[in-house]
Each structure stands twice: as structure tokens, then as C-alpha cells.
Amino acid sequence: VSQLPHHALLQDRPSAKTCLLGNLAIVRGALEAGVQFFSCYPGTPSSEVGDTFALIAREADVRFEYSVNEKVAVEIAFGASLAGARSMCSMKHLGLNYAGDPVSTMPYVGVEGGMVIMSAGDPSAITSPNEQDQRHFNSFLYYPILDPATPEDALKMTRYAFELSEDTRFPVILRPTTRVCHTSGMVELGPLPERKNTIRFTKDPSRHVPIPVTARRMRKEVSERFAKAESLLAGSEFFPRSGSGKAGIIASGVAFTYVDQVVRELGLHEEIRLLRIGAYPIPKSILTEYLHSVDSVLVVEELTPFIEDRVTIAAFGIERRVPILGKNTGHFPVEFEYTPEMVEDAVRQYLHLDKRVRTEISVPELPARPPVLCPGCPHRSSFYFVRRVFGKKTVYCNDIGCYTLGYGQPLDSCDVLLCMGSSISQASGIARTTGKRTVAYIGDSTFFHSGLPPLVNAVKSNDPITVVILDNHVAAMTGFQPSPTTSADGIPTDALARHRFSIEDAVRGLGVEEVSTVDPFDEKATLEVLKKAKSAKGTNVVIMSAPCAVTEARSGARESRTAYTVEPELCNNCSLCIRVLGCPAIHIDNGTYTIDQDLCDGCALCAYVCNQDAIFPVGKDEPER
Amino acid sequence: MNQNGNARRRERGWRILIAGTGGQGVLTAARLLTDFFVLEGASVTSGQLHGMAQRGGSVQSSVMVDCGMSPVIPKGGADAVLGLEPVETARALPLISSQTTVFMNTAPVIPFTLDQQAVRSEVEVRYPDVSELAALVESVTSHVFAFDATRLALEAGSIKALNVVMLGFWFGSDLCPFVPEDFLDTMLKSAPASSRGVNRKAFLSGVECSKRGISNQ
């Protein structure tokens, strides 16, 4: 959702002020730093960064790819960095964990061209299975981390991160949260560089190979370089201080913008000495000076008490005993996003001001709108037929993608979920323990991301599992990015794999003997294949292959299908269609079952399910879109 | 409408909340407003919350002018709410105060979950009465403009122009310090040629309806 046409990101308009989405400000910052290589695996709220590079990479002379997973994205960007390129990769918080192995040793080896890892955080787990504080990679694995509060910060910090990386040889993590990624704000553009880094890989194994004998030397260098990072950050613009009072507030991220709001609204500029933390490690010199200037500190940061702990340690180290308030003292919760109200209340309490009286408006219980599989989604058909054959008692292990929406009624196809690629290994564990055939669902993009090793593992023990690969040829949930099975037709970028992979070939190559591919809208073939898979011994795979309904409609790849309608004379209101399918196009309108002609995608699954044969295709008056 | 009140609000900038369901064009409306305000020289912050990017979910976006860096509208802090759907308008109640002007589309989008609950529990679960939802909003602020904007969009040629009708409501009200035609020109420049006619008609019918409606109050 850009505020400028994408090519506008490539315009050299130094000092121009414009309004950019946080994720686009990050792209601009990278371009202003002369980024040469970019890789990513999509994940909300980071996806717009990669999706924007996909559109502009060629024009911007940036090597771009959607990598097969985050570990590959990090490693390939690191390889590019060793060859001298300024490189960047993006992912969500969970992706950084998936890349944990290379990430843990990269600081030892060190970069050649500057390297930035953008890893977006998701406090309150708005689009994630957990919330997590990536700032701990700072102390845990020695990463300089930049923590933007606004799109303007995001642009400046991304630009700066490449320099910091080259000056210290550390890869640098940029950690915006959802409220920064998905906020549009005013930014000042900088110049686009005329020259880029020279590309050349210089052989030096003792520098680039961390084996024990070199790793111990590198370990010492890590400490020295980390100290250098701290001193460089001390001279950066990312710890602005304001105000002159004895009451201190330290804030970071979007919570800083809430503090700023309270300070401005209550006119507290003089009473409060405000320190904003925009980077880690927090220079000790800054904390020491600050702690000597205040009588107390309130720390306002989301997720874990990361800053608060460091302030507490710093105060202890200089024997400065002032109250340090925050999460550890119960002034803020450790869970979830902060709100402007929460921050205002805490600041007022801290300054002994009266609590603001707010008229509490009670909102009655309103109907929820949970996300739902789209009309015409092939996953709905797959879930329906698998459940019909495997029954209610089978354990269904699910994975990360649109198909996670198989959770709950009516599809009831998600008994177990953990992380990318986990469905197959969890199914193995459950099947091997219970001795009962277990089903694992996994999508095409997720299968190539992390489904291959657990499938090899299952074949190794011939676990009694049926792996149902839901191949809709796209990573739909994160915004329809290409997957390894996406066809190149009609995609105007070079973002695509040059090879269109066959899941069936891959699965056979891994040693699975029983493999079938069916179209989940072909009822007869689907039922036959599933019955065979259910009665077989050992590990087998069923590939349910049909394109995502939304990408099909958008790309115009197929004629729009005829919508369906319910014949009221034949419908006996048995409710079966609604009870088993949960299609958002089917409604009960004053007791009459109807199909919304605008929503219906014409997949015909409801017509198949209907016991009364009461659902028929109709001619549409006008073509869709 | 209290002119002094408006002047005061403009002095400290304003906060507009746009609320609706996935596919109604909430984020597009926010982007159109943002682009226009930036061209007018304003400092804009716009936040969005849309959870999983699936069709049919609740979507909210804030557009704030000269209000600082925070992307979140504080409780009771919205100057205007453009509610593209009745239940989604009611969901925005915590951001509404007696000072807020609410523009509310009266045409509902029924969540599919209601039918799910109905067939499972054998109890009738129904969408709240739209007039009750409007009354709920009116219990907080007297500045409520409720109208079937979906019908205006359809009359203009496409339900997809609903967001533009709602923008017309705001630009046509005396809350808005801008000339509606200025916005219209900017919007049409960025719109694909094929949709310009529909968007123009939709916007102007929103403006006209709003001028009529508010002067009638």
C-alpha cells in the first residue's frame, strides 16, 4: 500500500518530504545506502519490503530473490556480502529463529559488504503464533540492533545500518514492529548514491572459515568489534535526549511516540528528561550521564524489560541508586502491545498527576469477523474430502499458511500446529506413538521451506502418516508471493524461480513410493486416491493441486466460473452446506438458503455436498471485474 | 455543528478513523486522504490494523494530520469516523466522544459466522438491528450522519466506490476545511481511467448527500 508509485522510490529527490509506509521507508533507506543484493522470505508484517524490491529490483540494479526459506535468505545475503556487496534480507520475527544457525556464527566471521537483516516484530501476536523480542539477539549473539519508532527512523536507520555494518563487520539487525512497518509517516528523502561497492571475492580462509582454531581468535575479535559498535553508536543520532527535569523517562519503539504525545499534550517538556533508545548495545556512557542527571526513571518499552534491565545494571555499576520503574516493578505489563492510554496513565502516576477520567463506553458484544478461506478456495475442498475419508477421529496436524484456517468449525482440520514445516514431524511423532495413521497438511511454499527434512525422516522410519500437500502454486497468506510451484506465466518480475518445481518429483526423489496428485475439485479421483492412502501401510503423500482462487481471478488465468444458486423449491433447509463447508458466499436470508452471486467463485463444491441436489449453476448477467 | 469547536480541533490537527471490512476499500480510502493531505502541505501519520489479510475481516485505518508521530488514535480521540459498515462503526465506539462526527453507512455486511452459529446452536443468532447500532453511536455523540452509502455507490456504478462515497460525506460536511473539488481532482489523477466516471459520480453524490443531510439536522 504505497504512498508513492513504486518507481517514485527510485527518484533522486534529496530533501523532498513525503509520506511513506514504514516498510517502504526501509526500502528507500536501503536504496540510499546503495544496496546491491536483497533476499527474503515473506512474513507479515515484513512482506511489503520484499514485495517492493520484487517490483523495482531490476530498475534499481539490485539482485533480488524470494528465497526458499529464511535460513537460505540469510546465508545467500551473507555470501553476497562476502563478495563485497551491500546486502539485505527481510523476514518476520519467527524467520530469524529459523535462520538461527547461520545467524549465530555470522558475527564471528564478519561481513565484507555491509549486511542488514530486517526482522519485523509482532507484539500482541496480531498475525503470528507468538510474540517475541528480537532485541535479545543483541546480547545473545552480538548483533548491533536498530529499533525504529517511526517510518522516518526506519529510513534513517536502514541507511545508517549498512555503514555501521561495514565499520564493525557485524551484520546489523533492523527490528521494526507491526506498528512501524504498517504506519505511514513523513520522511525526508536523502540522495541516491552514485557509486556502489566493488564486487570481488578475496580468498582468505583464515578470515572466512570458523573452525575451532580460527573461531577462538574470532571470538576475541567479536568482543573488540562489539565495543567499537558501542562507541560508534554513542556518536549516532539514535539516542536523542530532551527536557531538563529530574524525572526521567526512557522510551523506545512505537511506545516512544505515545510518550511524546503525553509530554506534548500535558506540556511536560521541562519536567521530564526524556531519553529515546533507538539502538543496541546502549552505550554505557549515555546511560551513565543520563542516570546522573535524574532522580528516577520510568522505562517505556514493549515486550521484555530489555532496556529496563540494562538501565538497572548500569545504575548498579555506578552505584547510582534511583528508582527504576517499568515492567519489573509492575508499572507496565510484559505481555502485548502498549496503548496510548496505558502509557498516559503510567506517566501521570509517575508524576503524581491526577488520573485522567475517561468516559468508559461499553461496546455491546458484536459479531466477530474471523478470517475465512475465500469462496472457491481449493483447500476447503481438500479438507472436506480428507475428513470424509479419514473421519473425525484421525489426528490432523496442520502447518503455517492459509490452510491454518482449517482450525475450528466447520472444517475442523487442525488439531495440532506449531511452526513452519512442523506438521510432518509432529504427525510422525503422534503416529509412531499411537500406532494410528495421522494426517499432515502442508502447503507448497511451506513444504519447500521446511517440509523436506521431516518427510525424509518419516520415510526413514516408514511412519504411518499421510502427508497431504496443498499445492495452490502461491504463498497466498502473506500476499500471493511466488512459491517454487508458481508458473511464470503473467508474472512481470524476475522474482520467480527459473525452474518450476514438481512436488511429485521431489517427493519421489525423497523415497516416498506412494505418491498421487489430484485436483481436489475432482471428487471421484480425490476420493479414490484418499481411500487408497488411508488403507496403505507406511508413509504416503497426496498432492492436492489446484490454483489459489484469488490469484486465478486476478491474473485472468481462467474464465470466471459460473456462479451457483439454491433452488428454494428443492432446498429442505437441512443446513448441511453451511455445517460442513463454511463458505462465505452461502447465507441464510430470512430462513432461506442463498448464495451471494458476487462472492460465489463457481467451484461447485456446495452443489456436490447438497443431499437434495438443490444447488445449480446460473448464468451471470455481467462478467466478473 | 459548532464552528468554534471545529476551529479548535483544526488548530491541533485532526484524527480521522476509517473502519470497515476487508475488501471495502478502507486502506485505499486512507491512502487517498493521506496523499491529498500531503499535497496540501500537511504532516500526516496514518496507521492501519488489518490482522490476517483475508477477505472479510475487520479493517481499521487512522489518518492523522498534524498530530505528532503516534499512529494510534487514543480513546475518544477521533474527530471523524467514516464507518463503511454498521457493526464496524460500532466497533470503533471507544474512539468516539461527544465531539466526534460519525459518518455511518447503514448497509450491513453480514459475517458468515452468524449462520455457522445459527445452524450449530439451533438458536437464532442475528445481525444487530442497524437502527439500534445507530442509536448506540448517537448515545455518545449527537453528530451522526447515517445513510445508505452502499446504495449511492451502486447508483454511481459500482459497490467498489463505497469508500469514495464515504470520503464524499466527510468532504461535504462543514467539518472539512477543504474544497471537495480539490480532492476530487487529486483522486481522479491517481485513479485508472476506466474507473474515473464512477468515482467522480460516487464522490459527488456523497458530498451532495452530506451537505443536504447535515443542514437538515
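Phe336(A) is located in the loop that runs between strand 14 (324–325) and helix 14 (340–350) of chain A (helices, H or I with at least four residues, and strands, E with at least two, are DSSP runs numbered from the N terminus). This is a predicted model, in which local features need pLDDT of at least 70 and side-chain atom pairs count only at pLDDT 80 or more, while totals for chains, interfaces and linings use all residues. Residues are numbered from 1 along each chain as its sequence is written, chains are lettered from A and ligands numbered from 1 in the order in which they are written, and side-chain values use heavy atoms, with hydrogens and water left out.

**Contact between chain A and chain B**

- The contact draws 54 residues from chain A and 55 residues from chain B, where contact means heavy atoms within 4.5 Å.
- Together the two chains bury about 4,700 Å², and 62% of this lies on carbon and sulfur atoms; buried area is the accessible area (1.4 Å probe) that two parts lose on being put together, summed over both.
- Three salt bridges are counted between chain B and chain A (a side-chain nitrogen of Lys or Arg within 4 Å of a carboxyl oxygen of Asp or Glu).
- A salt bridge links Arg369(A) to Glu88(B), with 2.5 Å between the closest N and O atoms.
- Between chain B and chain A there are 13 residue pairs in polar contact, both residues being at pLDDT 80 or more; such a contact is a pair of N or O atoms within 3.5 Å, and within protein one must be able to donate a hydrogen and the other to accept it, with residues adjacent in sequence counting only if both atoms are side-chain atoms.
- On the side of chain B that touches chain A, at least two residues each come from strand 1 (14–21), helix 2 (26–39), strand 2 (44–49), helix 3 (86–91), helix 4 (112–121) and helix 5 (130–138) of chain B.
- Helix 4 of chain B contributes the most to that side, with seven residues.

**Positive phi angles in chain A**

- Phe336(A) is not a glycine, yet its phi is positive, at about 70 degrees.
- Phe336(A) is partly exposed, with a relative accessible area of 49% (buried is under 20%, exposed over 50% and partly exposed in between, with a 1.4 Å probe and protein chains only).
- Leu303(A), also not a glycine, has a positive phi of about 75 degrees.
- Leu303(A) lies in the loop between strand 13 (296–300) and helix 13 (306–317) of chain A, and is buried at a relative accessible area of 4%.

**Cis peptide bonds in chain A**

- Tyr280(A) and Pro281(A) are joined by a cis peptide bond with omega of about 5 degrees; Pro281(A) sits in the loop between strand 12 (279–280) and helix 12 (284–293).
- A cis peptide bond also joins Gln409(A) to Pro410(A), with omega of about 5 degrees; Pro410(A) belongs to the loop between strand 15 (396–397) and helix 16 (422–434).

**Surroundings of Asp463(A)**

- Asp463(A) lies in the loop between helix 17 (444–461) and strand 17 (465–471) of chain A, and counts as buried at 1% relative accessibility.
- The side chains of Asp463(A) and Arg432(A) are joined by a polar contact of 2.8 Å.
- Leaving aside residues up to four places away in sequence, Asp463(A) touches Ser428(A), Arg432(A), Asn457(A), Ala458(A), Gly538(A) and Thr539(A).
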